[in-house]
Amino acid sequence: MADLKKQIIAQLNLQHVTPEEITNDQPLFVEGLGLDSIDALELIVLLQQEYNIKLNNAEDGPKVFSSVRSMAEYITANRQA
Amino acid sequence: MKLYIRATGNISPQNTFGQSSLSGDIIEYNTNRLRSIEPDYSKLIDVKLIRRMSRIIKMGVAAGLQCLQEAGVSNPDAIITGTAYGCLEDTGVFLQKMVQNKEEMLTPTAFIQSTHNTIGAQIALLLKCNGYNNTFVHRGFSFESALLDAMMLLEEQEVTNVLVGGVDEITDYSFGITNRFGLFKKKISSNLDLFSTASKGSIAGEGAAFFLLKMQSSDHDYAVLESMHTFYKPADNKEIQDTIQTFLNGLSLSMNDIDIVLCGRNGDVNGDRIYDHLNGTTFDGTSVVHYKHLCGEYPTSTGFALWLASGIVKIGSVPDAIQRSSKKPVKRILIYNHYEMIHHSLMLVSAC
Amino acid sequence: MSENVYIAGIGVISAIGSGVNDTLESLEKHQAGIGAITTVDTIHKERLPVGEVKHSNAELAGLTGLPESMSRTALLSMIAAKEAYDDARLNEMARFRIGFVSANTVGGMDKTEDFFSPFLSNPASGGRLRNVVHHECGSVTEVVADQLGVKDFVTTISTACSSSANSIFFGARLIKHEKLDIVIAGGTDALTKFTINGFNTLQILDEQPCTPFDENRRGLNLGEGAGYIVLMSERAVRELGKDCYCSLSGYSNANDAHHQTASSPNGQGSYLAMKNALKQAGLQISDIDYINLHGTGTANNDISEGTAIQRLFDPNYPRMSSTKSFTGHTLGASGGIEAVFAALAIRYGIVYPNLRLTTRMEALPFTPEKNFLKNQQIKHVLSNSFGFGGNCSSLIFSTV
């Protein structure tokens, strides 16, 4: 999850945040990190680029991206070599 | 119709940010590409929002906010921007990824930031400003069109103030391409020598200059913008001279009433012939001062010129850094510029 | 300042036809121009339907006298602008001050895309420079201004999807401020890989022909084209001695200031633009006979625009429709193309149909018109154009 945090920071250009400051379970959207719909699209690209996972149903987005932990679990479950 | 320049904000290759006029020494560049001196953006813009802003957007937003801060206006009635090239960095990033990734795995941020109206839109978004918002993208007329729109809006009396600005950036890609068009000198020892080299091309510049314009005067105004006029592809030097004459006649003025001409000579031997001709005719007998050695050549450089002129009439004299023959007090400045001999503009700026 | 501004000429090209007559015929026959991508070489060719103009660049060049290597954005602009110019008989009006105020979002990007790949491999000399000569939005405008011989005033506006609505009302104000007598105003945009991919990253494109204002809408179809109207002062109209289509009686520009791309849930920017346009025109909401909706077909736009309409017009709604169901979303050209549709609506008493509408939006107490209607009492048309960056503009056209 530490790597994932670094990737999120890079993809979303979160210059003011360090990986240590993002807790595993804090909400990423609206509260917590305060991400928005464009960030969600960026995270979909991140999944594809780094983990070769295509999020087929955009409506799954809020669930998958609700926290770093939920993202990590999704990646582990769907990762393709 | 005269308008008052209540406040300014200028980011440029000189130390202009937070300054009302040019002070101190001119910064010297030994290259044909001048870069803006940028402030610490985190002092003006929420860090969480900066991440969505590429360089030109930060420049425009910061200059706009600086201007509003100076004016003591938290929410302007209208925001109008002029930019010829728009958001080149994001355009370049998206194009590059599109080509290299063969249209796969593209990200939305660069795309949405590449649209020309993003600068004006981001200022509105930051301030939650629902007022009139427009962006002009017409080469050497971009800033002038924005000014014209602002002037008409104030005359219509639907608004009491307008934030208007001109912004353009150079990126590595755009510099590489415009260089291939021969717009810039191959070699130059110093920007301070720009007008003493009889060779082709100028030096590349960039900047973001914003102004708060009002119809009502106040005790703190910089200057009066008396009038502005643009003309497109004049047939010959005579048409240029006649147009300048008509412009002054419309204000019941003659060249005798003008203390200095601030002119857009840019060091390109071809384009500068127009200024040479005017120096020997219309401008003969009037002090002529240049500005493009300070900011470089770019389509919205007249924003820098207007900032410089406003500062000069506010103080009442030309800064030492820009040499001038006479030390008469300066109350009235005629700005004349042409961009690639196609876009010609005139502005009359006077003391309050 | 002078009073009225009239529309004396119109010109249009889009997926549903080249020229006013072809376009009207398609509208009347409910014949949309949405289909497969053929002019742009993109990996999304098979998947995304678009509203393409049914002419190659070679054909467009032949019709305009411009070179085939010219940007498609300029070619489309020339066709529509020339039609408007001829319709208003501007060759007889040389003694008047004539300006050209155009709009676009892509500029010459269709050619820049061809340049970029070889340029990236070899920045020093890769790529043909002639492909980037007209990259800038303003450069495309000048190609057309020069070809038409218009030089008293030229400028270009770019505010995303509201671009040409803004250019039209900027042109009208130039006339009211007596800076010009006549302004050819509108906009153009061509399909490019850049925009297709850009919109694709936002996931707001429909993989089928779009269904604006439908409960089950899936997104927008991109389109291309150009639309211009010739605005004239009263004095110029009297001298021309021609019947005008209508007048431009109201206009307004407001900013939603909510998000970079999404519209606010209560449609604040849209609401302000429509409300202030009405106020400017001195009209009541009951005076509006037809609304040409921005109606892109995205989940977000339609509910935002619909909510704004509800806030303003409830409980008495005029007839309305989205003609983007015919042309696709022509981005910078949409305000101009839809202004031409508004002028025709007033002249022929037309209400355009909103195609492929099957299920009314549950959240809204109204539904757009599904049939092409002619010879209706259409005295005032409200035309909406809302864009990225929160740029919202509304125009009102009125009978004379």
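View 1. All 10 of the 10 residues of strand S9 (residues 246-255) of chain C are buried, so the strand is largely enclosed by the rest of the structure (buried: 20 or more other C-beta atoms within 10 Å of the residue's own, C-beta atoms being placed from the backbone; strands: DSSP runs of E, at least two residues, and helices: runs of H or I, at least four, numbered from the N terminus). S9(C) pairs with strand S13 (residues 391-398) of chain C in the antiparallel sense over 8 bridges, where pairing needs at least two DSSP bridges. Ala254(C) has Cys392(C) as its bridge partner in S13(C). Strand S1 (residues 5-14) of chain C also pairs with S9(C) in the antiparallel sense, over 2 bridges, and Tyr6(C) is bridged to Ser247(C).

**View 2. Helices H3 and H5 of chain C.** The axes of H3 (residues 72-87) and H5 (residues 137-148) of chain C come within 9 Å and cross at roughly 40 degrees. Residues of H3(C), including Met78(C) and Tyr85(C), meet residues of H5(C), including Val140(C) and Leu148(C); contact means C-beta atoms within 7 Å.

**View 3. Contact of chains B and C.** Chain B gives 44 residues and chain C gives 45. Among the chain B elements giving two or more residues are helix H3 (88-100) and strand S3 (132-136).

Residues are numbered from 1 along each chain as written, and chains are lettered from A and ligands numbered from 1 in written order. In this predicted model, local features need pLDDT of at least 70 and side-chain atom pairs 80 or more, whereas totals for chains, interfaces and linings use all residues.

Methods: Buried ≥ 20, exposed ≤ 12 C-beta atoms within 10 Å, placed from the backbone. Contact = placed C-beta atoms within 7 Å. Axes fitted to C-alpha atoms, helices over the stretch in contact; angles between N-to-C directions.
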